[in-house]
Structures are given as C-alpha cells and as structure tokens.
Amino acid sequence: MDNRTRETVRYLGYKNGQIDTKTLELVEDVFRELDKVVKPRSLYRTFVLTWKEDDIIQAGAMEIHSKNLAKNLKGCRQVILLCGTLGVEVDYLLKRYSYTEMARTVVIQSCAAAMLEEYLDEQQEKIRTEMEKEGLYLRPRFSPGYGDFSILHQKEILAMTEAAKKIGLTMTDSSMLTPTKSVTALIGLSTTEEHCHQKGCEVCNKTDCLYRRES
C-alpha cells in the first residue's frame, strides 16, 4: 500500500489499515480514474514578514491576528504564500457520481484529498531545495482555518498571489475555495533550521516542540 493509499484509508476512517478488499479495490480504481483527469497546479510568492505584536503579524500588506500562526512563524522574517489545486476535473467527477454512486463519491473525496496533500508535499520539497541554496529553511505549511488563523484570509492570499489569473483558483462568498480540492497556506522562512515535518503538527509526535500548533 503506497502513501497516498494509506492516507486515503485514514481519511475514510479505517484504523490500522483495516480496510476490506472491496473498498480497497474501489480506492485503487478511483486513483486510476483521477490520475487520468487531474491537472494539478500551484504557485507561490515570498513576502517580508513584519512583527507588530506577539500575536499580530504582517505578511506583505496582509495583517493577521493569530496566536497559533505567530507561534509557528516565530523567528521568521519572510513568509511564502502557497496556493495549490487539483483543478476543476475533480469537481466534475464528484458531481457526476453524486447522482448515481454515493460510495464512489465518498472515496473520490478522500482520494483527491490524499492526492492534493501528496502534490503539495512535492511542491514544498522543491521550494525547500531552492530556499536552502539561499540559507533559508522552511517551517510547516499553515493554512487559513487552522487554529485561530481565520479562513477569511484566503481572499487576501488569492489576491496577493494572483491565483485566479495564474492557476484558476478563486473563492466563493462563503470563503470556500473553488475548485474544491485546493489549498492556500503560509510557510515561514527562517535562517535557523528546525526539523519540522512538512505536513505540520498533525503527523508529528514531538509534543514538546516550541513551534507546535495547539489543537
């Protein structure tokens, strides 16, 4: 079982890989279908990070009040705004199957989420390699909606990165990204290397970490 399949199984609610053969076959079939249609795209821009107060930071022109994010970015003087999407093709599949195959629709949701995380990890690794050439190190990505980092900041992130024009990523009036399998995130840049997992605190067992995000 590869990593994205393991992640999908976890998203589906199975513990310790205890998934039945029929569902596992459905997962594998959905991945084959998604691999044929998804068109992942991403972009990032780097901004100066200014500290106004302990829990108030400014990335470019965006002011953020967040204790959790400030903790994650402690010691950083620059920040990356990252946007990524699998494209509208996933939404088309979800809509098509939602009328006839509910079980497959649920699996598509989970498979696509795992694919998006895998894709973002790959893009983040490329960014990490480039930044280390400049003596800069990445913190885990941190998305609007985590902790007390308001989801409303997605609108500013999209505007600052020109995501609509460059990769077709927009936002609804209710602050939901469209295409739905999309992510915006901040990644701190520091001159000090911290051994943080790129996916963040959810998959890290180091509970005493200075930068750990509160649950």
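What share of the contacts in the chain with a separation of 6 or more is accounted for by residues 24 or more positions apart? The share is 71%, where contact means heavy atoms within 4.5 Å.

Good morning. The structure above is a predicted model, in which local features need pLDDT of at least 70 and side-chain atom pairs count only at pLDDT 80 or more, while totals for chains, interfaces and linings use all residues. Residues are numbered from 1 along each chain as its sequence is written, and side-chain values use heavy atoms, with hydrogens and water left out.

I begin with the chain as a whole. Its secondary structure comprises seven helices and eight strands; helices (H or I, at least four residues) and strands (E, at least two) are DSSP runs, numbered from the N terminus. The chain has 215 residues, of which 46% count as buried. Buried means under 20% relative accessible area, exposed over 50%, and partly exposed in between, with a 1.4 Å probe and protein chains only.

Next, the sheet. Six strands make up an open, antiparallel sheet, in the order S3-S2-S1-S4-S8-S5. S3 and strand S5 (137-138) are its edge strands, each pairing on one side only. Two strands pair if DSSP finds at least two bridges between them. Strand S1 (residues 41-53) is joined to strand S4 (residues 78-85) by eight bridges in the antiparallel sense, and Tyr44 has Leu82 in S4 as its bridge partner.

In strand S3 (residues 62-65), Met62 and Ile64 lie on the covered face, and Glu63 and His65 on the uncovered one.

Which helices lie on this sheet? H5 lies across S1, S4, S5 and strand S8 (182-190), running at about 145° to S4. Helix H6 (residues 154-161) also packs on the sheet, touching S1, S2, S3, S4 and S8, and its direction makes about 95° with that of S4.

Finally, I consider helix H1. Its buried residues are Arg4, Thr5, Glu7, Thr8 and Val9, and these pack against H2 and H5. Two packed helices are described by the angle between their axes and the distance between the axes. Axes are lines fitted to C-alpha atoms, for helices over the stretch in contact, and angles run from 0 to 180 degrees between N-to-C directions.

Helix H1 (residues 3-11) and helix H2 (residues 21-37) pack at about 120°, with their axes 11 Å apart. H1 is therefore oblique to H2; angles under 35 degrees count as roughly parallel, over 145 as roughly antiparallel, 65 to 115 as roughly perpendicular and the rest as oblique. The contact involves Arg4, Thr5 and Thr8 of H1, together with Leu24, Val27, Phe31 and Asp35 of H2.

The axes of H1 and helix H5 (residues 102-132) come within 8 Å and cross at roughly 135°. H1 and H5 are therefore oblique to each other as well. On the H1 side, the contact is made by Arg4, Glu7, Thr8 and Tyr11; among the H5 residues are Ser110, Cys111 and Ala113. After H1 comes Gly13, whose phi is positive, near 95°.
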